[in-house]
Amino acid sequence: MDNNQLSPNSLAFIALANEYCSAIEKASEYDKTDFMVQMLKLLPRIYISASDINIKESSVEYYVEPYLDEDVYNNVRCNIAALMAEDDVFLETFEEDMKYSDTPVSATISEDLADIYQELYNLVASVRDVDNEAIRSILITCKEDFATFWGQTLCNVLRALHSAFYNHDQQ
């Protein structure tokens with residue numbers, strides 16, 4: 001493989017990020033069950049693909065612009081919250097504050113999915129019209145953010161979606 005080419009794993013991750021963003025943007029067009037099925041299929045693939053990014057270094061440092069504005073973020077979050085309805089809220093066990101709390105800490109599927117959307121949207125928007133070396137730098141930053149923030153968020157929301165989907169039929 002040419003040193004300037006991106007690895008198949010990197011390209012697959014960017015494609016999955018784009019697919020996820022598209023699905024999140026169309027959340028209001030889904031019914032609840034179809035949306036959960038879509039997320040339950042995409043999130044594990046994103047996790048594996050992000051884990052497989054293996055770029056040691058880049059010769060350039062490229063700043064990932066925050067392309068997503070607050071209004072779009074809130075619109076996405078609200079659309080998902082409306083779709084998930086009573087299944088949106090779940091108890092969060094991996095929250096740092098949980099160690100010091102006598103009361104459960106809650107989180108929402110909508111906010112967690114919107115947080116992941118923000119990361120992946122900024123990635124997808126950043127890789128447009130830049131060279132492969134800049135993309136490598138962007139992917140390194142994304143992998144670091146995955147390790148420290150949004151990877152755990154993905155795992156948490158996947159657990160909540162799994163519970164909502166598979167326990168929904170029993171209600």
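The angles themselves run from 0 to 180 degrees between N-to-C directions, and the axes are lines fitted to C-alpha atoms, for helices over the stretch in contact.

Some ground rules before the tour. This is a predicted model, where local features need pLDDT of at least 70, side-chain atom pairs count only at pLDDT 80 or more, and totals for chains, interfaces and linings use all residues. Residues are numbered from 1 along each chain as its sequence is written, and side-chain values use heavy atoms, with hydrogens and water left out.

**How the helices meet**

Helices (H or I, at least four residues) and strands (E, at least two) are DSSP runs, numbered from the N terminus. Take helix H2 (residues 32-51) and helix H4 (residues 109-127): their axes come within 13 Å and cross at roughly 50°. H2 and H4 are therefore oblique to each other. H2 goes past H4 in a left-handed crossing; a crossing is left-handed if the near helix is turned anticlockwise from the far one by less than a right angle, and right-handed if clockwise.

Which residues in H2 and H4 meet? On the H2 side you'll find Phe35, Met39, Leu43 and Ile46, and on the H4 side Leu113, Ile116 and Leu120. Contact here means heavy atoms within 4.5 Å. The residues of this contact of H2 with H4 split into seven nonpolar, no polar and no charged. For that count, Ala, Val, Leu, Ile, Met, Phe, Trp, Tyr, Cys and Pro are nonpolar, Asp, Glu, Lys and Arg are charged, and the others, Gly among them, are polar.

H4 also meets helix H1 (residues 8-25), with axes that come within 9 Å and cross at roughly 125°. H1 and H4 are therefore oblique to each other, and their crossing is left-handed. H1 brings residues including Phe13, Ala17 and Ile24 to the contact, while Tyr117, Val124 and Val127 are among those from H4. The residues where H1 touches H4 come out as 14 nonpolar, one polar and one charged.

**Salt bridges**

How many salt bridges does a search of the whole structure find? It finds five, a salt bridge being a side-chain nitrogen of Lys or Arg within 4 Å of a carboxyl oxygen of Asp or Glu. Here are some of them:

| Salt bridge | N to O distance |
|---|---|
| Glu86 and Lys32 | 3.4 Å |
| Lys32 and Asp87 | 2.5 Å |
| Arg136 and Glu133 | 3.0 Å |

Lys32, Glu86 and Asp87 are linked in a network. Lys32 sits in helix H2, whereas Glu86 lies 54 residues apart from it, in the loop between helix H3 (70-84) and strand E1 (89-92). Asp87 belongs to the loop between H3 and E1 too, 55 residues apart from Lys32.

Is Glu86 buried or exposed? With 57% relative accessibility, Glu86 counts as exposed. Lys32 is buried at 13%, and Asp87 is buried with a relative accessible area of 13%. Buried means under 20% relative accessible area, exposed over 50%, and partly exposed in between (1.4 Å probe, protein chains only).

Over in helix H5 (residues 132-168), Arg136 and Glu133 are three residues apart, so about one helical turn separates them. Arg136 is buried, with a relative accessible area of 10%, and Glu133 counts as buried at 18%.

Methods: Parallel < 35°, antiparallel > 145°, perpendicular 65-115°, else oblique.
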